[in-house]
Amino acid sequence: MMTLMARHRNEIAKLVSAIFAGILLYLFSLWVPFVDGFYDEWQKGDLLVEIRPRALLGTVANIFNFGSSGFGILKLVSLWGWLTLIIWQIFTALTLPTKKINLYTTFVLIYLSFIFAFSTVAQMTFGPRMFIDSVPYFLVMIAYLFFVKKEGGLVWRPIICTLLLLTAIAIHEKTIFDVSILSAYLLYKKGVTRALILIGPTYIFSFIFLLLIKDRALAGESPETYFNILKKGFDFFVDYSFDLPTLLIGGGALWVLYGILCGFFIQTSPNRREKRYRVVLIIVMLLGCFAPLLVAWDTNRLVGLIWLPTIVLIVETGGLIFIKPNKIQFITLFLLCFLQLAVPPILRYPNMIVAYNSYAKYIYGEKAVIMMPPIHKGDFLYFKDQSNGSAYLRNGWNGPESWGVWSREKDSTIIIDAIRDPSITYLVIDFQAMASDKLPQFLTVFINNQLVSESTITKMNGNMIKLMIPKKTEGEMYLRFNLSNPTTPIALGISADDGRMLGIGLVSIQFE
């Protein structure tokens, strides 16, 4: 029996990891209930029609005809797969030195798995419903396992890894930052030549893909826009995306765990030269976690990428740091679990520290960790530059201007998650539109995918509609505007040089 178990140890570890991952995610769902959401932006993408960023999932959805529930299932299954691989690697690292697992290492396995299961990756999968980060993360984790595989396959391995990483980048272009972390690790582990063979093709094809989509956007900004933000250097980072509390919450207990592993990784260096290499690797992987903040401001979600350097170091140290019973280490891991457990409530309640999607940017003209104030009857949201409404804008908008903000596509969305007054029954929307008597526009408005207004707009300024909020609206209010025919100020005859494609111009929303 023991011989049979030893022979099939790897298969048993995989099965145990899969079951344990399911149990942990079920427990997490009791803490942060999963509510399936709205994936309209993702479903609009279709690579068979037009090459666009983040369009791969929409292409699959159109081919297999699955709707929002299909997207929800896909990201949950991907989260489960990602966590299963994480736990399997932890299990393997803990049992590799002694070929067995004792009571102490069992508790360590539970603690480490718990920290990953309750990390930002899970919080963003269960919480803000449009985020699909778990899908590319799952693909990145599979690619990483192929990279660390010790057996041969130098021909087919780069092909498989390139396909996995390109798929992840086609789903979400910011996966290029995950690739940069893997690149740093491969340079350290495999050397320059083998690293170039393994991951070089990914960079070549990614560059070609980003060139093809440079001026296009789907759910987010275009690569060209992100590049223009990047050219601002640290100004954007300091003014918009950097905020210490949000950074700490985003990484949670993984920051501490990464620090512990870094110390052990450096201390066990066999010589000074190796120690220098390890210090450089640690710094570069950490910078890879902060690099996305140079182009985007959803701070805690982006630094959640710390999961990748952390699992890399767990595998690289072979679990040796956790093998010998250590009371201080045991208590530290136990406390880290409680620290990670405390993060979701902080994110869920806007009156505490940060809003659930934790954007760190300007509101009310002041730099702050977003703390959405409760909305009461009679309150207004204004959408001009540096006003209180810009924090609620999601997809399909240009930058705020001195009077308000223009949409740039047929569909534009707002998510309002701070309504706490049950007496609010109407939204009064003041807006402009690229419309005239000669070019009327048909405007359709949805609240949480329920049709609430249809109207024909025949003038540019002074438009106003009053929307009744559906009775069953709870939690986040997902407001979507659909305009029949966005056009340019040039086509409308009001400008000689403004060629932007514009739709509705949002001025304010009043809550009645």
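Is Asp411 buried or exposed? I checked this before anything else, keeping in mind that the model is predicted. Asp411 comes out buried, because its relative accessible area is 12%, and buried means under 20%.

**Entry: the partner of Asp411**
I followed the side chain of Asp411 to Arg480, and the two meet in a salt bridge, 3.1 Å from N to O. Asp411 lies in strand E5 (residues 411–416) and Arg480 in strand E10 (residues 477–483), so this pair ties together parts that are 69 residues apart in sequence. Arg480 is buried too, at a relative accessible area of 11%.

**Entry: Arg54 and Glu173**
My search of the whole structure gave nine salt bridges, and I picked out the one between the side chains of Arg54 and Glu173, at 2.8 Å from N to O. I found Arg54 in the loop between helix H3 (40–43) and helix H4 (56–64), and Glu173 in the loop between helix H9 (156–171) and helix H10 (176–212), so the bridge ties together parts that are 119 residues apart in sequence. Both Arg54 and Glu173 are buried.

**Entry: Lys466 and Glu512**
Next I looked at Lys466, which forms a salt bridge with Glu512; their closest N and O atoms are 3.2 Å apart. Lys466 sits in strand E9 (residues 463–468) and Glu512 in the segment after strand E11 (504–511), so I noted a link between distant parts of the chain, 46 residues apart. How accessible is each partner? Lys466 is exposed, with a relative accessible area of 52%, while Glu512 counts as partly exposed at 26%. I also noted a network here: Arg52, Arg408 and Glu409 are joined by salt bridges that share partners.

**Entry: a charged patch**
Which residues gather in a patch of positive charge on the surface? I listed Arg272, Arg273, Lys275 and Arg276. I took a second look at Arg273, which is found in helix H15 (residues 272–290). Arg273 is exposed, because its relative accessible area of 54% is over the 50% that I needed for that label.

**Entry: cysteines**
How many disulfides are there? I counted zero, using a cut-off of 2.5 Å between cysteine sulfur atoms.

Conventions:
Residues numbered from 1 in each chain as written. Predicted model: local features only at pLDDT ≥ 70, side-chain atom pairs only at ≥ 80, totals over all residues. Heavy atoms only, no water. Patch = residues over 30% accessible without salt bridge, like charges linked within 9 Å, V, L, I, M, F, W, Y side chains within 5 Å. Areas by Shrake-Rupley, 256 points an atom, 1.4 Å probe, with all protein chains shown as cover. Salt bridge = Lys/Arg side-chain N within 4 Å of Asp/Glu carboxyl O. Lys, Arg positive; Asp, Glu negative; His and termini not counted. Charge placed at Lys NZ, Arg CZ, Asp CG, Glu CD. Helix = DSSP H or I, 4+ residues; strand = E, 2+ residues; numbered from the N terminus. Buried < 20%, exposed > 50% of the residue type's maximum accessible area, 1.4 Å probe, protein only.
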